[in-house]
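Hi there,

Here is the structure I promised to pass on to you. Please have a look at it first, and then read my notes below.

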Amino acid sequence: MDWRVWERIEAKIAAGRRLSAEEGQYLFDPELSLHRVGRWADEVCRRLHGEVVYYVRNAHLNPTNLCALRCPICAYSRSPGDPDTFTMTVEQVLAQAQEAAEAGCTELHIVGALHPEQPYRWYREIVRLVHEAFPRLHLKAWTAVEIAWFAHQTGRAIRAILEDLIQVGLGSLPGGGAEIFADRVRRQITPRKIDAQTWLFVHREAHRLGLRSNATMLYGHLETPAERIDHLIRLRELQDETGGFLAFVPLAFHPAHTRLAHLPGPTGLDDLRTMAVSRLMLDNIAHLKAYWISLGVGVAQTALAYGANDFEGTVRQERIHHEAGSTAPQSLSVEEICYLIGQTGRQPVERDSLYRPVSRELAPA
């Protein structure tokens, strides 16, 4: 790699100018020091957020693992007849939501699978009933994959589905299902899942309705650095258009118990470089999450010096990454999160789902 390219990139970062796709690929060059890339990302992050690192008191709700897609990358999904399938009853859903509310959570993250038999109204009722019972819980529910499935089931437009869900209590969309946008890779890892254009369309429609959302990228499987950069640029372009993304979440691939279990998955060094490159490329998405469930607590903590400004949250009862071999804890307490952030010299700040600071006394979560 030519040192003059390094200097050009460094000058653009210092001036707050946008990096090109070619420059983004240079950032993945192993000849370019990881610590140099991390230092650039940290400078950008501090420029935006100072010493603040956010966290949220949240819980996860996964209502079923029965799925019509059965993607090769997924360890969570099951087919009818498998011995360990589950589909939660309304009572079980409400009981789990109550547990989250009583623990002081402000957000319930609801994602699951494309149940081959449950109709759209079952998914809609989950949102409606939880919202009616616990109106203070922000419901971040159903990925773009699920929203497109509901439209397919009902014959209704994606916009109409989103409007209907907003009416019964939907607060925002999670970012799952994006994986890697490149068709070459999607054909191998998610051959039956919606394509990149549909994922982006769902989020575009959500943003036009005033619904905020997150964005993700699953990395460390079959994709190339160029395909990672392509993914980031497509997100950047949509954010230029709508401004609707709240946060970006790089998700490390966990191969255990998937049909890609022969792959090693990303290293901690790759995790940190991907975080840093994401911060430098996504100049219009303010928040980057160090999702400790995916990265592991230690790498997530280190990622706060590589461009991340959000430590996600308490994350109670997560199933999807743990099914794929994540060895991270099932949850972290507020005290643990604040301690981990404080160890890095940053200031922990509790937020709500829309990144508004929450002010209250610390209590176990």
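Let me begin with Arg57, which sits in the loop between strand S1 (52-56) and S2. Helices and strands here are DSSP runs (H or I, at least four residues, for helices; E, at least two, for strands), numbered from the N terminus. At 2% relative accessibility, Arg57 counts as buried; buried means under 20% relative accessible area, exposed over 50%, and partly exposed in between (1.4 Å probe, protein chains only). Its side chain is joined to that of Glu350 by a polar contact of 3.3 Å. By polar contact I mean a pair of N or O atoms within 3.5 Å; within protein, one must be able to donate a hydrogen and the other to accept it, and residues adjacent in sequence count only if both atoms are side-chain atoms. The C-alpha atoms of Arg57 and Trp149 are separated by 29 Å, with the two residues 92 apart along the chain.

A word on the basis of all this: it is a predicted model, in which local features need pLDDT of at least 70 and side-chain atom pairs count only at pLDDT 80 or more, while totals for chains, interfaces and linings use all residues. Residues are numbered from 1 along each chain as its sequence is written, and side-chain values use heavy atoms, with hydrogens and water left out.

Now to the sheet. It is an open one of 7 strands in the order S2-S3-S4-S5-S6-S7-S8, with parallel pairing; two strands pair if DSSP finds at least two bridges between them. Strand S2 (58-61) and strand S8 (287-288) stand at the edges with a single partner strand each, so one side of each has no neighbour in the sheet. S2 pairs with strand S3 (residues 107-110) in the parallel sense over 4 bridges, and Leu61 has Ile110 in S3 as its bridge partner. Helix H4 (residues 90-102) lies across S2 and S3 and runs at about 170° to S2. H11 also packs on the sheet, where it touches strand S6 (212-219), strand S7 (245-252) and S8, and its direction makes about 160° with that of S7. For these angles, axes are lines fitted to C-alpha atoms, for helices over the stretch in contact, and the angles run from 0 to 180 degrees between N-to-C directions. Contact means heavy atoms within 4.5 Å.

Within the sheet, have a look at Leu173 in strand S5 (residues 170-173). Leu173 is buried, with a relative accessible area of 0%. Leaving aside neighbours within four places in sequence, its contacts include Trp142, Ile147, Leu162, Val202 and Leu211.

In H1 (residues 3-15), which has 13 residues, the buried ones are Val5, Trp6, Ile9, Lys12 and Ile13. They cover an arc of only 130° around the axis, which puts them on the same side of H1; the arc is that of the directions from the helix axis to the C-beta atoms. The face turned away from that side carries the exposed residues Trp3, Arg4, Ala14 and Ala15. The buried residues of H1 pack against helix H2 (21-27), helix H3 (34-49) and helix H11 (268-281). After H1 comes Gly16, with a positive phi near 75°.

In helix H7 (residues 158-167), Ile158, Ile161, Leu162, Asp164 and Leu165 are buried. They span an arc of only 160° around the axis, which puts them on the same side of H7. Their packing partners are helix H5 (120-133), helix H6 (144-154), S5 and helix H9 (196-208).

His49, in helix H3, is buried with a relative accessible area of 15%. A polar atom of its side chain lies 2.7 Å from the backbone oxygen of Ala286, and the side chain also makes a polar contact with that of Asn309 (3.4 Å).

Lastly, some backbone angles. Most residues other than glycine have a negative phi. His257 is not a glycine, yet has a positive phi of about 65°; His257 lies in the loop between S7 and H11 and counts as exposed at 63% relative accessibility. Tyr355, in the segment after strand S10 (347-350), also has a positive phi, near 65°, but is buried, with a relative accessible area of 10%.

Technical notes:
Expected span 1.5 Å × (residues − 1).
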